[in-house]
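Open the structure in your viewer and keep the selection tool ready. This tour goes stop by stop.

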Amino acid sequence: MPELPEVEGVLRALQPIVTGKTINSVVVSETIYRSKANGKEAIIKGLDVEQFCLALAGAKIDHLERRSKYIYFHLLKNGYPYMLVSHLGMSGAWFSVKNLHEITEDKFRKHAHVTLYFEEGDMLVYADIRRFGELRFLETEADYPPLLLMAPEPFDQYALDHFLHMSALPKYENKAIKEFIMDGHIVSGCGNIYATEALFRMRIHPARKVKRISRERKIQLFQEIVIVLLDSIENGGSTISDYRTINGGAGNMQNRLQMYGKKECLVCCSKTKQKTIGGRTSTYCPACQK
Ligand SMILES: [Zn+2]
C-alpha cells in the first residue's frame, strides 16, 4: 500500500502535468457502473457515477496538495472551489497519456476505471487493480469528516506535540507502539513499511507498549519516522507490489530498507521474526529490538 512518500512522489509527478488543465469530460468503466448499481461503492464514493462525471466536467485543476496519503486536486468551476480527493488504496495509479495504449502494463490498462479527458487534448487515467482506491468530489474537507481527523503532516511544527499528547492518553498508552505510529490520527502517512523501518532503526520492539517508552525515546522515534519518510521521498518511494509512480515508474527506496521484508537482520545477522500487531504483519529483529 502506498504510504506518504509514495503519494508525495505521485503528487510531484502530477503537478506539472495537470495544473491549469480543464476537465472536458469523464469516462467511467463498466465495472464501476456495475458495482455502483449493485449498491457497492467501488472507487467513486458519495456520488453516483453520472453526478460524479457531471460535477467534474468543466472544472479547472487550480493546484494540487498532498494531505497524509490523499491527493487533493483543488478545482475551480464557475468561480467556485471544489476538490477531487484521491486515495490510491492498495494498488491505485495515475497515468497521464494521449490514449490508453500508452499504459504499457496490461494489468493497469485492463483496470483503467476513471478517465479525465482534458480540453488540452490529453487525459489522466486512474487505474486500480484491486479497486480499494477512492475518488471523492467534495466542496470542502468537511464534506468527508475523516479528513478533518487526520494527524498533522509529520513535517509540521505541531506534529511532535500532537504525537506526544496522544501518546499520553489512556486509550493509547497500552497499545503496541507499532500500531500506535501506524494510526493516521497519531502520525499522518506512516504505514507498515516506514513504521517497521523507524522501529528497527530505534531498536524498539514493535509490540512494546506505548507507556513503556520514555518521553525522550518517543521524541527520538518521532524524529526517526520523519527522517525515514524524507529519505524515502528523496529516493522516489518504495516500489513494492503494485505501487507505481505516475505513468508506471518505480522508486528506489525498497533498496534502502533495513528491516521491512528482510529474512535476516543486517546488523547482527539473526533471523528476523514476524508477529501480527494491530492486524498487520510486523517484521523485527528479536536480538536488536527490545
Ligand atoms: Zn539484529
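**Stop 1: a salt bridge across the chain**

Select Arg 66 and Glu 153: their side chains meet in a salt bridge, at 2.7 Å from N to O. This pair links distant parts of the chain, 87 residues apart. Arg 66 sits in strand 3 (residues 60-67). Glu 153 sits in the loop between strand 9 (134-138) and helix 5 (159-167). Keep in mind that you are looking at a predicted model.

Are these two partners buried or exposed? Arg 66 has a relative accessible area of 10%, so it counts as buried. Glu 153 is buried as well, with a value of 9%. The cut-off for buried is under 20%.

**Stop 2**

Now select Asp 106 and Arg 109. They form a salt bridge, and the closest N and O atoms are 2.4 Å apart. Both residues lie in helix 4 (residues 106-109). They are three residues apart, about one turn of the helix. Asp 106 is partly exposed, at 41% relative accessibility. Arg 109 is partly exposed too, at 27%.

**Stop 3: one more pair**

Select Lys 36 and Glu 41. Their salt bridge has its closest N and O atoms 2.9 Å apart. Lys 36 is buried, at 15% relative accessibility. Glu 41 is partly exposed, at 36%. How many salt bridges does a search of the whole structure find? It finds 11.

**Stop 4: a positive patch**

Move to the surface. Select Arg 208, Lys 209, Lys 211, Arg 212 and Arg 217, which gather there in a patch of positive charge. Zoom in on Arg 212. This residue lies in the loop between helix 8 (192-202) and helix 9 (215-234). Its relative accessibility is 59%, so Arg 212 counts as exposed.

**Stop 5: two positive phi angles**

Stay in the loop between helix 8 and helix 9 and select Arg 203. Its phi is positive, about 60°, although Arg 203 is not a glycine. Arg 203 is partly exposed, with a relative accessible area of 31%.

Last, select Asn 78, in the loop between strand 4 (70-77) and strand 5 (80-87). What is the phi of Asn 78 near? The value is near 50°, positive in a residue other than glycine. Asn 78 has a relative accessible area of 69%, so it is exposed.

Key:
Residues are numbered from 1 along each chain as its sequence is written. This is a predicted model: local features need pLDDT of at least 70, side-chain atom pairs count only at pLDDT 80 or more; totals for chains, interfaces and linings use all residues. Side-chain values use heavy atoms; hydrogens and water are left out. Patches are made of residues with over 30% relative accessible area and no salt bridge: like charges are joined within 9 Å, nonpolar side chains (Val, Leu, Ile, Met, Phe, Trp, Tyr) within 5 Å. Accessible areas come from the Shrake-Rupley method with a 1.4 Å probe; for residues, only the protein chains shown count as cover. A salt bridge is a side-chain nitrogen of Lys or Arg within 4 Å of a carboxyl oxygen of Asp or Glu. Lys and Arg count as positive and Asp and Glu as negative; His and the chain ends are not counted. The place of a charge is taken as NZ of Lys, CZ of Arg, CG of Asp or CD of Glu. Helices (H or I, at least four residues) and strands (E, at least two) are DSSP runs, numbered from the N terminus. Buried means under 20% relative accessible area, exposed over 50%, partly exposed in between (1.4 Å probe, protein chains only).
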